[in-house]
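Hi there,

Here is the structure I promised to pass on to you. Have a look at it first, and then read my notes below.

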Amino acid sequence: MDIFEQLRSSVAQQQQQAELPDELAEQIGRIIAEPQRYQQQTALLHRLQQQVEDYDAYGDCGCFAGGCSLGEVQRTLHQLQAGTQD
């Protein structure tokens, strides 16, 4: 299973189990749909996949926040997108 398939699987799972927002899933879906555009950014893709897997809708709340927050995933998405706008 390549990174794009792993990412697709993680997104589907987290939408069902962790309340991954539809808008975020759509943004990630656009990246998955263009593997040739993003395939050179493997470190960021793996980071994004891990963040999606660890996503917690309440990840940035409270003193002992766990999981990965919406903001962290959005920052990684922005880095991926900025890297392809040369």
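Leaving aside its neighbours within four places in sequence, which residues is I28 in contact with? The answer is L7, V11, L48, V52, V73 and L77. Please keep in mind that this is a predicted model.

The largest nonpolar core has 21 residues, and I28, L48 and V73 are the ones that touch the most other members. Helices α1 (3–17), α2, α4 and α5 each give two or more residues to this core, and the largest share, 5 residues, comes from α2. As general background, nonpolar side chains in soluble globular proteins tend to be buried together.

Next, follow V73 into helix α5, where V73, T76, L77 and L80 are buried. Seen down the axis of α5, the buried residues fall within an arc of 100 degrees, so they line one face of the helix. The buried residues of α5 pack against α2 (22–32), α3 (35–38) and α4 (42–53). On the other side of α5, R75 and H78 are exposed. The helix itself covers residues 70–83 and reaches 20 Å from its first C-alpha to its last, close to the 20 Å expected.

Finally, take a look at Q49 in helix α4. Is Q49 buried or exposed? Its relative accessible area is 9%, so Q49 counts as buried. Apart from neighbours within four places in sequence, Q49 is in contact with I3, Q6, L7 and S10.

Enjoy exploring!

Notes: Residues numbered from 1 in each chain as written. Predicted model: local features only at pLDDT ≥ 70, side-chain atom pairs only at ≥ 80, totals over all residues. Heavy atoms only, no water. Helix = DSSP H or I, 4+ residues; strand = E, 2+ residues; numbered from the N terminus. Expected span 1.5 Å × (residues − 1). Buried < 20%, exposed > 50% of the residue type's maximum accessible area, 1.4 Å probe, protein only. Arc of directions from axis to C-beta. Contact = heavy atoms within 4.5 Å. Core = buried A, V, L, I, M, F, W, Y, C linked by side-chain atoms within 4.5 Å.
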